[in-house]
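Biologist: Thanks for sitting down with me! Could you show me the model, so that we can go through it together?

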Amino acid sequence: MKAKRNRFGIGPEISLFTLGTMRAIESIEQMYLVAKEACLAGINHIETAPAYGPAEFFLGESLKKLKADGIKPEGNWIITSKILPEIGISDGKTQIKGILKRLGIQKIHNLAIHGLNLPKHLDWALKGEGAKLLKWAKNEELVGQVGFTSHGSLNLIEEAINSRQFQFCSLHLHLLDQSRMPLALKALTEGMGVMAISPADKGGHLHLPSTTLIEDCYPILPLELAYRFLLGQGISTLTLGAHKIEDFSLAKKLINSNDPLKGIEKRAIENMFNRMKSRLGETFCGQCKKCLPCPEEIPIPEILRLRNLAIGLDLKTFAKERYNLIGQAGHWWEKKNGSACIKCGDCLPRCPYSLDIPSLLSNTNEELQGNPVRRLWR
Ligand code: SF4
Ligand code: SF4
């Protein structure tokens with residue numbers, strides 16, 4: 001059966017799943033096997049980046065070998081790569097030419113600003129050296145369309161979408177973190193392509209779900225439910241950071257499954273959230289963000305979201321990993337954890353759930369603090 005393709009901005013149509021290359025960087029052979037399996041699974045879109053170590057070079061070599069072996073998706077591969085913001089125009093040109101050389105291609109279909117996380121990054125892309133660089137790359141026909149990935153604030157993402165200067169975006173969109181979904185749907189309405197970053201791993205380590213989560217999502221597996229939650233709402237494509245060929249089994253099953261959510265799926269999602277809420281009882285954080293701003297700039301909703309997941313769904317390993325990245329990843333993640341609370345009480349009257357926020361932050365800090373883990377890019 002022919003695999004479905006979705007519109008992706010003004011570029012070529014792409015598969016519902018995208019091969020992410022950041023986990024196939026052990027060898028060219030590993031990248032080749034993973035790309036081959038992606039093709040067999042119906043995938044035609046690959047995303048990579050200079051920041052993923054040898055990924056681009058390994059991918060370029062693999063694509064050559066796949067071509068020699070007569071293996072390619074219908075219409076050929078569509079490639080997305082990225083450049084970091086704030087790079088100067090001369091270095092940027094070198095960077096883009098380097099991407100093309102490593103990948104062995106004439107044109108990057110989709111070039112994303114990798115980590116448009118701060119207002120100065122958006123300024124760079126819209127008005128600064130970045131704007132000149134992107135114009136040059138398009139005029140030279142080295143790049144098909146331009147987009148961005150962002151871990152930034154909702155306001156910043158909205159501003160970037162509203163600028164109408166980007167044709168696609170890659171965002172953290174997750175069943176267990178739906179805060180950016182309205183922006184993703186807005187971007188789709190504006191005609192942009194939307195790629196969901198790592199719904200499995202960053203979405204809650206859903207490839208290794210807790211028994212509690214499996215039971216709560218029954219009869220659908222948590223990762224399948226998370227994929228369907230996104231595809232059923234029209235998200236253009238979901239990244240799959242494959243390490244081995246077995247990682248594609250669910251993508252093979254869902255490669256054409258972007259019809260609206262079915263009743264059984266809606267009920268499974270509702271049941272899962274209801275059970276999570278009942279375990280948390282009066283300490284459930286509704287993620288409304290009304291407690292902000294905190295004078296100490298503590299990301300209260302995000303910290304309490306991790307607490308929701310740790311206690312409500314027994315996703316403690318994931319919550320600990322994310323919590324211990326706070327303050328460790330520059331502009332890619334939150335800067336302050338619960339220990340920064342000075343108990344000023346400013347947030348208390350703003351919380352419609354009447355949560356004792358300082359106590360919950362202190363409790364979360366005790367439960368989740370531990371050794372920081374190594375951070376993969378995104
Ligand atoms: S009580 Fe703590 S979390 Fe609340 S506003 Fe004050 S410092 Fe921020
Ligand atoms: S106001 Fe209360 S419920 Fe809403 S995000 Fe903040 S702590 Fe959570």
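Biologist: Let's start with Phe8: which strand is it found in?
Modeller: Happy to, and please keep in mind that this is a predicted model. Phe8 has a relative accessible area of 0%, so it counts as buried. Its C-alpha atom is separated by 9.1 Å from that of Leu188, 180 residues apart along the chain. The element that holds Phe8, residues 5-8, is strand β1.

Biologist: How far apart in space are Ala160 and Thr211, C-alpha to C-alpha?
Modeller: Ala160 lies in helix α6, and at a relative accessible area of 0% it is buried. Along the sequence, Ala160 and Thr211 are 51 residues apart. In space, their C-alpha atoms are apart by 39 Å.

Biologist: Now to strand β5: how many of its residues are buried?
Modeller: Let's take its two faces in turn. On one side Ile78, Thr80 and Lys82 are buried, and on the other so are Ile79, Ser81 and Ile83. Strand β5 (residues 78-83) is therefore largely enclosed by the rest of the structure, and the number buried is 6 of the 6.

Biologist: Which residue of β5 stands opposite His45?
Modeller: Strand β4 (residues 45-47) and β5 are joined by 3 bridges and run parallel. In β5, the residue opposite His45 is Ile78.

Biologist: Let's turn to the rings. Are the rings of Phe57 and Phe58 stacked, edge-to-face or tilted?
Modeller: A search of the whole structure gives 5 aromatic pairs. In the pair of Phe57 and Phe58, the ring centres are 6.2 Å apart. Planes under 30 degrees apart would count as stacked and over 60 as edge-to-face; the planes here stand at 55 degrees, so the pair is tilted.

Biologist: How far apart in sequence are the parts tied together by Phe148 and Phe166?
Modeller: These two form an edge-to-face aromatic pair, 5.1 Å centre to centre with 70 degrees between the planes. Both are buried, Phe148 with a relative accessible area of 0% and Phe166 with 4%. Phe148 lies in strand β7 (residues 143-150) and Phe166 in the loop between α6 (154-162) and β8 (168-171), so the sequence distance is 18 residues.

Biologist: Which residue lies over the face of Tyr32?
Modeller: A charge sits over a ring if NZ of Lys or CZ of Arg is within 6 Å of the ring centre and within 35 degrees of the ring normal. The residue over Tyr32, at 4.2 Å from the ring centre, is Lys65.

Biologist: On to charged pairs: which residue meets Arg279 in a salt bridge?
Modeller: Side chains of opposite charge can pair when their charged atoms come close. Here the N to O distance is 2.7 Å. The pair links helix α11 (residues 263-280), where Arg279 lies, to helix α8 (residues 211-217), 63 residues apart.

Biologist: How many residues apart in sequence are the parts tied together by Arg228 and Glu265?
Modeller: This is another salt bridge, with the closest N and O atoms 2.7 Å apart. Arg228 and Glu265 are both buried. Arg228 lies in helix α9 (residues 222-231) and Glu265 in helix α11, so the parts tied together are apart by 37 residues.

Biologist: Which residues are linked with Asp177 in a network of salt bridges?
Modeller: The salt bridges in the model come to 23. The residues in the network with Asp177 are Arg180, Glu302 and Arg305.

Biologist: Last one: how many residues around ligand 2 are nonpolar?
Modeller: Ligand 2 is surrounded by 14 residues, the closest being Cys285, Cys288, Lys289, Cys291 and Cys351. Of this shell, 2 are polar and 2 charged, and the number of nonpolar residues is 10.

Key
Residues are numbered from 1 along each chain as its sequence is written. Chains are lettered from A and ligands numbered from 1 in the order in which they are written. This is a predicted model: local features need pLDDT of at least 70, side-chain atom pairs count only at pLDDT 80 or more; totals for chains, interfaces and linings use all residues. Side-chain values use heavy atoms; hydrogens and water are left out. Rings of Phe, Tyr and Trp (its six-membered ring) pair if their centres lie within 6.5 Å; planes under 30 degrees apart count as stacked, over 60 as edge-to-face and the rest as tilted. Helices (H or I, at least four residues) and strands (E, at least two) are DSSP runs, numbered from the N terminus. Buried means under 20% relative accessible area, exposed over 50%, partly exposed in between (1.4 Å probe, protein chains only). A salt bridge is a side-chain nitrogen of Lys or Arg within 4 Å of a carboxyl oxygen of Asp or Glu. A residue is near a molecule or strand if one of its heavy atoms lies within 4 Å of it. Ala, Val, Leu, Ile, Met, Phe, Trp, Tyr, Cys and Pro count as nonpolar, Asp, Glu, Lys and Arg as charged, and the others, Gly among them, as polar. Two strands pair if DSSP finds at least two bridges between them.
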